[in-house]
Amino acid sequence: MESQTIVEALLLGMIEGLTEFIPVSSTGHILLAGHFLGFHSTGKAFEILIQLGAILAILSVYFHRLWQMLIDLPRDRGTRHFVLGILVAFLPAAVIGALAHGFIKTVLFESPRLICIMLIIGGVVLLWVDRLKPKPLYHDVERFPLRLYLQIGLFQCLSLIPGTSRSGSTIVGALLLGVDKRAAAEFSFFLAMPTMVGAFAFDLFKNRNVLTSADLPVIAAGFIAAFVAALIVVRFLLNYVSRHGYSLFGWWRLVIGTVGLAALFIWG
C-alpha cells in the first residue's frame, strides 16, 4: 500500500472524526475531500467503515452511562422507555437506508455538486433555526414522548442524502419540535450509536466479497484517526452548543459548500 494512500486515509479519518457529531455532514466532507484528493475506496466502503472509530469514541465517553442503563433495563421503566425511544427513532432511516442502499452509494455518493448544494441548504436552515429560538419544551433525552422520538427519527431520514448531515437533521428536527439545544445534541449522540453500527454492519456485509487484505491498512489508518478526532469533539460539543448554539456550524457549512462548488467549477 502506497504511503500516500495511508496519509490520505489518516486525513480523511481525521475529517470523519471531527465532523461526525457536529451538524456539518461528515460523509459530505470526506466524499468532497476524497474527490479532490483523487482518493478511491473499494465500493465506497472506506467512507462508511471508518465510522466505527467515531462509534467507539462515543461509546467510550458514554460507557458508564450505557453500562448503568444495561443494568437498569430489566427493572427500571424509564430506562426501558428511553431504549424503546432510541429504537423507534432508529427504524425509519434503517429501513429506507437498506432499501435505497444501492442508489445512495452509486448515485448520491458520486455527486459532489449535490453534496455542496446540500451543505449550503443545510447551513441556511441551521442558521434560521438557531436564530428562531423556539421555546424549549423538552430537556431530558430519557423522558421524550414516544411520538417525539419517532418524529426525530423521521428527520434523520433526510441524512441519507450526503451533505445533509445525520446529526444536523436530527438536531434541527429536535429543535423545531421543542427540544433544548443541549438535549438535541445529546440525543443525536445516542441515536448515532445504533444508526452508525447498523450502517457499518450493513456496508461490511454488502462489500464482503470485494474488500481484500490490501484495503485493511487504509481502513485501519482512517479508523484510528477518526477515533482520536471524534473523542476530542464529543468531550467538548455539549458545553459549546449550550453556550453558543449552532450558528458556527451553519456558517461552516455555507463556506465549505460554496468553496466546494467554486472548486468544482474551476477544476471539475
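**Figure 1. Ser 25, a buried residue in the loop between helix 1 and helix 2.** In this predicted model, Ser 25 has a relative accessibility of 3% and therefore counts as buried, the cut-off being under 20%. The residue is found in the loop that runs between helix 1, residues 3–19, and helix 2, residues 26–37. Although Ser 25 is not a glycine, its phi is positive, at about 80 degrees. Most residues other than glycine have a negative phi.

**Figure 2. Ser 165, in the loop between helix 9 and helix 10.** The backbone of Ser 165 has a phi near 95 degrees, which is a positive value in a residue other than glycine. Ser 165 is placed in the loop between helix 9 and helix 10, and with a relative accessibility of 4% this serine counts as buried.

**Figure 3. Cys 157, in the loop between helix 9 and helix 10.** Cys 157 has its place in the loop that joins helix 9, residues 146–156, to helix 10. At 14% relative accessibility Cys 157 counts as buried, because the cut-off for that class is under 20%. When residues up to four places away in sequence are not counted, Cys 157 touches Pro 92, Ala 93 and Ile 96. Phe 90 is 67 residues away from Cys 157 along the chain, yet the C-alpha atoms of the two residues are separated by 9.3 Å.

Figure 4. Thr 170 lies in helix 10, which covers residues 166–176, and the threonine is buried, with a relative accessible area of 1%. Its side chain reaches the backbone oxygen of Arg 166 at a distance of 3.1 Å. Apart from neighbours within four places in sequence, the residues in contact with Thr 170 are Ile 152, Gln 156, Ser 188 and Leu 191.

Figure 5. Met 193 is found in helix 11, residues 181–206, where the methionine is buried, with a relative accessible area of 10%. Once neighbours within four places in sequence are left aside, Met 193 is in contact with Ile 58, Leu 59, Tyr 62 and Leu 66. Met 193 and Asp 203 are 10 residues apart in sequence, and their C-alpha atoms are 15 Å apart in space.

**Figure 6. The whole chain, as the setting for the close-up views.** The C-alpha trace spans about 50 × 40 × 35 Å along its principal axes. For 268 residues, a compact globule would have a radius of gyration near 18 Å, and the 18 Å found for the protein agrees with that value. Of the 268 residues, 50% count as buried, and among contacts between residues at least 6 apart in sequence, 83% join residues that are at least 24 apart. The protein exposes about 12700 Å², of which carbon and sulfur atoms supply 70%. There are 20 positive and 15 negative side chains, and the centres of these two sets lie 9 Å apart.

Conventions:
Residues numbered from 1 in each chain as written. Heavy atoms only, no water. Rg over C-alpha atoms; globule rule 2.2 N^0.38 Å. Buried < 20%, exposed > 50% of the residue type's maximum accessible area, 1.4 Å probe, protein only. Contact = heavy atoms within 4.5 Å. Areas by Shrake-Rupley, 256 points an atom, 1.4 Å probe, with all protein chains shown as cover. Lys, Arg positive; Asp, Glu negative; His and termini not counted. Charge placed at Lys NZ, Arg CZ, Asp CG, Glu CD. Helix = DSSP H or I, 4+ residues; strand = E, 2+ residues; numbered from the N terminus. Polar contact = N/O pair within 3.5 Å; in protein donor to acceptor, adjacent residues only side chain to side chain.
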